[in-house]
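Below is a short briefing on one protein chain. Please look over the sequence and the structure before reading on.

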Amino acid sequence: MKLTKNEQKKQKDALKQFQRYLPTLQLKKQQLQLVIREAEAELVKLKEEREKAISGLDSWIAVYGENALFSPEKSIINLLKVKEIRKSYQNVAGVSVPVFESLVFEEIRYDLWEYPLWVDGALKALRDMAKYDALILTQEEKISLLEKEMRTTSQRVNLFEKVKIPEAKENIRVIGIYLQDQQTAAVVRGKISKKKLVKAG
């Protein structure tokens, strides 16, 4: 660092910039904290709903479990395959996060004569379960992206608060002292020169 007026101006400009940028970062950090809390609460709610849905399946799971008619290749699980999870993206506190849109299943045809009547209901229930799984996965991805941004923002806030702003203030102080000393020394030299001139004259 140079101990000059130009450097002092540069440090003052940098300090102004840091002090202007810091409140924006702090606000973003608060927004992210709030959004993460809301997203986590939504995730808990989804998991609870999924558990309720699972407990509602007990009756046909018992029927299915007792039914020895199905060979492994005719398992009901083979009648349901997820083709894709459709998601859109939205900007939340400056982060692009996924939003669940829909679940697309492969079209699997099966012979109605080979399966009991309750299979249709079971497949609908399994589709609902798959939808809950997709919603939970999407929500977990959203939280993960928000937490990553939160870590980055917190690091920047800390950098500005604990390093950049104190560093710039200290640099300005050191340069100020040096320039003041230089000015005082110049005045002293000027007075000494004047006395010498007076004596010589």
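The notes below cover the fold, the surface and the nonpolar cores.

This is a predicted model, in which local features need pLDDT of at least 70, side-chain atom pairs count only at pLDDT 80 or more, and totals for chains, interfaces and linings use all residues. Residues are numbered from 1 along each chain as its sequence is written, and side-chain values use heavy atoms, with hydrogens and water left out.

**Fold and dimensions**
- The protein chain has 3 helices and 2 strands (DSSP runs: H or I of at least four residues for helices, E of at least two for strands, numbered from the N terminus).
- Their order along the sequence is α-α-β-β-α.
- The radius of gyration is 35 Å, well over the 17 Å that the globule rule gives for 201 residues, so the protein chain is more spread out than a compact globule (taken over C-alpha atoms; the rule is 2.2 Å times the number of residues to the power 0.38).
- The C-alpha trace spans about 130 × 25 × 25 Å along its principal axes.

**Burial**
- Buried residues (under 20% relative accessible area, 1.4 Å probe, protein chains only) make up 28% of the 201 residues.

**Nonpolar cores**
- A nonpolar core is a set of buried Ala, Val, Leu, Ile, Met, Phe, Trp, Tyr and Cys residues joined through side-chain atoms within 4.5 Å.
- The largest has 10 residues, including Phe18, Leu25, Val157 and Ile172.
- Helix H1 (5-55) and helix H3 (118-200) each supply at least two residues of this core.
- Another core, of 9 residues, lies apart from it, with Ile36, Ala93, Val97 and Met150 among them.

Terms used. Buried means under 20% relative accessible area, exposed over 50%, partly exposed in between (1.4 Å probe, protein chains only).
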